[in-house]
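Work through the two exercises below with the model open. Each task is followed by a stepwise solution.

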Amino acid sequence: MIYADNAATTKMSRRAIEKMVLLTEETYGNPSSLYTFGQRAKEALEEARATVAKLIGAEPREILFTSGGSEADNQAIISAAELGKKNGKKHIISSAFEHHAVLHTLNKLKKEGFEITLLDVHENGLILPEEVEAAIKDDTCLVTIMFANNEIGTIQPIREIGAICRKKNVLFHTDAVQAIGHLPINVIDDNIDMLSASAHKFHGPKGVGFLYAKKGIRLSNLIEGGAQERGRRAGTENVPGIAAMAEALNESVEKMAENAEKLTEKRNKLIKGLKEIPHSAINGDEVKRLPSNVNFCFEGIEGESLLLLLDDKGIAASSGSACTSGSLDPSHVLLAIGRVHDVAHGSLRLSIGEDITDEDVDYIIKSVKEVVEYLRGFSPVWRDLVAGKSQFILP
Amino acid sequence: MALYSEKVMDHFRNPRNVGVIEDANGIGEVGNAKCGDIMKMYLKIEDDIIQDVKFETFGCGSAIASSSMATEMIKGKPVADAMKLTNKAVAEALDGLPDYKMHCSVLAEEAIKSALEDYEKRGKN
Ligand SMILES: Cc1ncc(COP(=O)(O)O)c(C=O)c1O
Ligand code: FES
């Protein structure tokens, strides 16, 4: 199998697995226990915190461990909203193509009387910093913009947006779930106040993540109970998962430059090959995108059949995001960049991993070409396009 | 657990009766506005019997499988029988569909009904 769905989740690295096993088998104490055995788990926990903090330019006390990216997004946004409400500020700025962990939290706040502005992400999937600036009002309490999009991989001008928020004295949160471990991130240089991350997107375990919140930002609890995580997140810590996450992040950052170079080369080769398919188009800016991300629309076909047939050929890929399967609506990300329904339906996301070979790339290109041609062969939509009864949208 | 039953996958991978009938005397095309899928049915009817049927589908796996199964279920049958084909029968013949995919079988039922209506309309002219 060629696994080309690393934006959905990644394989755990050997080093992360070994760390997890070690802490599960040997250091299984409860970090809140007083005796030495418990304190050893506490040490492992704090070591992981220090590692994660250092890798993003933060201080250990600014790192809060969570159950993943969704929880971190929820907590960051809810905290900023509650702080804002205290000061009579109930306006939040975000973008139309955020992850649902962000969008659904914002929807909840909207029902509670917050005003939400969703910025346009334009045809290339990029937010303009000047549009962020123009949207900020006196009562804006938060700007939340993702670092890199999970479907089309476009990388946002985070540092510039952060600088604007600093200047205007507005909190800035970024969902960096797809970016961390893959792109250089430093919360100080990048002007980030809060950042969400999830271990399983950088070869760590599932169900673990963290929220960075700059000193002085008072976080609201989502989970009440014990005094873990300085009273901000109750529940016995997932020590093996957290330690494995720190190990995985460390490894990803060590190998970042090398991996990025390799992935970018393979990605560009895939893009070049898939562009040869007539009436297709790449989604999102071709250059300002994650080294692993390829996302295309093919006119006249539907994405699920494409995925099932690629699966038969041993290629694991995705159409839109995994969370969207089960829903019939086309991807909100593709609609946000202006793809019409029909075209948005025929989308393919390949998110390649570091172990991909040139042969894999060639095989993927060949397989996608075959499947698209086959499906077009009995598509009434394609027939009408070819017969000139309807107009092609993609060149 | 697989998304679809073996039957669905079989009809999806090897769809029966795919294509166009050039001299069809009943053609129906239907779509689902929500998911955007489109299905087109071609019928060749003689002596009130469906002599041939072909389909084209722009849609998901279960839409393709439903159209394939539906064509098998009406081929060689009298028009009156085809008129009675329900989406439930198509879904059952496929060993079931996930709940949110039941509408794909509805599309197959509607495509056939629409083609039969077209045939009847033509007969009146
Ligand atoms: C951009 C983005 N944000 C948030 C999440 C949610 O992370 P998790 O699955 O760890 O809750 C994901 C991935 O699923 C993501 O891609
Ligand atoms: S999802 Fe609509 S026909 Fe299958």
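**Exercise 1.** Find which domains of chain A line the second largest pocket, then describe that lining.

*Solution.*
Step 1. Domain 1 (14-254) and domain 2 (256-387) of chain A each give at least three residues to the lining. These bounds come from an automatic or database domain assignment. The model is predicted: local features need pLDDT of at least 70, side-chain atom pairs count only at pLDDT 80 or more, and totals for chains, interfaces and linings use all residues.

Step 2. Count the lining. It has 28 residues, and Lys11(A), His203(A), Gly353(A), Glu354(A) and Asp355(A) lie nearest the pocket centre. A pocket, on a 1 Å grid over the protein atoms alone, is an open set of points where a 1.4 Å probe fits, with protein on both sides within 12 Å along at least five of seven lines; lining residues have an atom within 4 Å of a point.

Step 3. Sort by class: 13 nonpolar, 8 polar and 7 charged residues. Gly counts as polar here.

**Exercise 2.** Describe the interface of chain B and chain A, and check one salt bridge in it.

*Solution.*
Step 1. Contact means heavy atoms within 4.5 Å. By that rule, 25 residues of chain B touch 20 residues of chain A.

Step 2. Look for salt bridges (a side-chain nitrogen of Lys or Arg within 4 Å of a carboxyl oxygen of Asp or Glu). The interface holds 3.

Step 3. Check Asp312(A) and Arg13(B): their closest N and O atoms are 2.5 Å apart, and they form a salt bridge. Residues are numbered from 1 along each chain as its sequence is written, chains are lettered from A in the order in which they are written, and side-chain values use heavy atoms, without hydrogens and water.
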